[in-house]
Number of protein chains: 2
Amino acid sequence: MQVISSIAELRARLNEERAIAFVPTMGNLHEGHLDLMRLARENSSREHGSCVVASIFVNPLQFGPNEDFDQYPRTLAADCAKLQGLVDVVFAPSASEMYPVQQTVFVEPPPVASELCGAARPGHFRGMATVVLKLLNIVQPQLALFGKKDYQQLHIIRTLAAQLNLPVSIVGGETVRAHDGLALSSRNQYLTEVERSEAVFLYQTLQAMRRSVLQGARDFELLQQQALKALSDRGWLVDYVAVRDQSDLQPASGGQRDLVILAAARLGKTRLLDNVEVCIGE
Amino acid sequence: MQVISSIAELRARLNEERAIAFVPTMGNLHEGHLDLMRLARENSSREHGSCVVASIFVNPLQFGPNEDFDQYPRTLAADCAKLQGLVDVVFAPSASEMYPVQQTVFVEPPPVASELCGAARPGHFRGMATVVLKLLNIVQPQLALFGKKDYQQLHIIRTLAAQLNLPVSIVGGETVRAHDGLALSSRNQYLTEVERSEAVFLYQTLQAMRRSVLQGARDFELLQQQALKALSDRGWLVDYVAVRDQSDLQPASGGQRDLVILAAARLGKTRLLDNVEVCIGE
């Protein structure tokens, strides 16, 4: 496994590769990330001489001025140890390698980027989409993998890849959860012990909504209000709980069959995300 | 020479090519375009098995609601006849091939895109940059060529390619002129006979400014005002006359050595562009 920090060196290394699978991350890797690396290998192993590349880059462009950019955990050595045997190349550029001049060209993401997480984090998806496009142009993979835990992010990347005609297939990996059901996230480590045991209630709430929908509930507005109240009553600061159509992330009206229930809420200082898919008639 | 209108078919055709040079156009080809095709061949002929691709697509996204999108001349058969022997592949997609769904993802161009031509044509460079990125992603060339006649466009494409890490080299081709000096443009055919003989005055004005600068004039504001008045006095409706730094298209302050003088002005219903480079100390 090679660890490369220069774009020119990475391009030289990948120049002769014919089949590249790419997993962009912000590092501080957990089993959710490692699962994506395994999925990358599986999906590309049919190709002769396939190469799996992971990137580790905490992208300043996608953090707001009052967010946790400085605090975000950087653990490159430990990350590389975990990636050993799973990937062929780790790309870990500095901020000045990625942004040698002030960035003035951006990806303008679709309107859904200002809803859900985008409402609480203005500019987040613009910054994310811009760095993902840069990374895809640098690595030039045939396959790029992203976790379903960041469902809206995955949706925006799929939309961007389709509408900009990127020569890459986007693959979503299932959310990996702790034993109690909490979705793995680098931000979980911000939680105090008490918060950590409460944290799973977000997933439990989504699961309860999912059961209601499968049992026939179609008043999604009411379900959302109930969930919001249940979370607030336990001290959560809820950004949103939303039942949406999987295909376009627009509010579900009852006619669609493939739904996703998404939530973002803060427990103390930590903002947690989760979502569950619901296929009616499954 | 193959003429291809489907993205899938084009990708299949170009799949095994190792060195592609690409010239995107809106068709209605004149010697300026054909010169770019020859430059593409020259620049890529060092590569074994190089392939020159031209695209012909009148991009609705870069026309404003009151502009000449409907009127813009479409002459595909004549264009293909001119390209015979110069290029290997012509890509001529329909609007629905390029935009199968309503485009909601865009390239947000750098701030200079709202100045000069961008001031008169809001959204123009956003639409241009978006389709250029789509075309580059479809064709995946090593080299892409654009005329210097659209100097600001070329500058924005260079900026976009650099900041989005596109794996392509951007090459600018010199402006090709009619015998009297008028820059070739598909829009010249909108001119009446009387307007056509007046049209060269735009270039003459820029050349006069260039001589003044080379003779030591440094009050660029005054030069601009004089040129604007000279044009207006002859019935031109001037969008701008501007002395700018070649490297960033910011207003020249006197210290820079590599300048460009740009102008856009309307003669009757026809909007004409031109520019001349000035290297002080040459």
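This is a predicted model: local features need pLDDT of at least 70, side-chain atom pairs count only at pLDDT 80 or more; totals for chains, interfaces and linings use all residues.
The relation between the two chains is considered first. Chain A is superposed on chain B by a rotation of 180° with 0.0 Å of shift along the axis, at an RMSD of 0.0 Å, and the two copies are thus related as by a two-fold rotation axis. In general, two copies of a chain are related by a rotation about an axis and a shift along it. Among the residues of chain A, the one that comes closest to the rotation axis is Val107(A), whose C-alpha lies at 2.5 Å.

At the interface, 22 residues of chain A are in contact with 22 residues of chain B. On the side of chain A that touches chain B, at least two residues each are supplied by β5 (106-108), α6 (124-139) and α7 (151-163) of chain A, and the element that gives the most is α6(A), with four residues. Sorted by class, this side of chain A comprises 13 nonpolar, seven polar and two charged residues. The copies meet through the same surface, because 100% of the interface residues of chain A are also interface residues in chain B. The contact between the chains includes strand pairing, in that β5(A) and strand β5 (residues 106-108) of chain B pair in the antiparallel sense over three bridges; within this pairing, Phe106(A) has Glu108(B) of β5(B) as its bridge partner.

In soluble globular proteins, nonpolar side chains tend to be buried together. When neighbours within four places in sequence are left aside, Val53(A) is in contact with Ile20(A), Phe22(A), Val87(A), Asp88(A), Val89(A), Phe91(A), Val139(A) and Pro141(A).

Strand β3 (residues 51-56) of chain A is mostly covered, with six of its six residues buried. In a regular strand the side chains alternate between the two faces of the sheet. In β3(A), Cys51(A), Val53(A) and Ser55(A) point one way, whereas Val52(A), Ala54(A) and Ile56(A) point the other way, and all of these residues are buried. Strand β2 (residues 20-25) of chain A runs parallel to β3(A) and is joined to β3(A) by six bridges, Val23(A) having Ala54(A) as its bridge partner in β3(A). Strand β4 (residues 89-91) of chain A likewise runs parallel to β3(A), to which three bridges join β4(A); here Val53(A) stands opposite Val89(A), a residue that is also listed among the contacts of Val53(A).

Another part of chain A contains an open sheet of three strands, which follow the order β8-β9-β10 with antiparallel pairing. Strands β8 and β10 (270-279) of chain A are the edge strands, each pairing on one side only, and the twist from one strand to the next averages 10°. Between β9(A) and β10(A), which run antiparallel, there are 10 bridges, and Asp258(A) stands opposite Cys279(A) of β10(A). Helix α10 (residues 220-233) of chain A lies across β8 and β9 of chain A and runs at about 155° to β8(A).

Two residues other than glycine have a positive backbone phi. For Gln140(A), phi is near 50°, and the residue is placed in the loop between α6 and β6 (143-147) of chain A. Gln140(A) has 20 other C-beta atoms within 10 Å and is therefore classed as buried, the cut-off for burial being 20 or more such atoms. For Leu249(A), phi is near 60°, and this residue lies in the loop between β8 (237-245) and β9 (258-267) of chain A. Leu249(A) likewise counts as buried, because 21 C-beta neighbours are found inside 10 Å.

Ala81(A) and Leu10(A) are separated by 71 residues in sequence and by 20 Å in space, C-alpha to C-alpha.

Key. Residues are numbered from 1 along each chain as its sequence is written. Chains are lettered from A and ligands numbered from 1 in the order in which they are written. Two residues are in contact if their C-beta atoms, placed from the backbone, lie within 7 Å. Ala, Val, Leu, Ile, Met, Phe, Trp, Tyr, Cys and Pro count as nonpolar, Asp, Glu, Lys and Arg as charged, and the others, Gly among them, as polar. Two strands pair if DSSP finds at least two bridges between them. Copies are superposed by least squares on the C-alpha atoms of residues with pLDDT of at least 70 in both. A residue is buried if 20 or more other C-beta atoms lie within 10 Å of its own, exposed if 12 or fewer, and partly exposed in between; C-beta atoms are placed from the backbone. Axes are lines fitted to C-alpha atoms, for helices over the stretch in contact, and angles run from 0 to 180 degrees between N-to-C directions.
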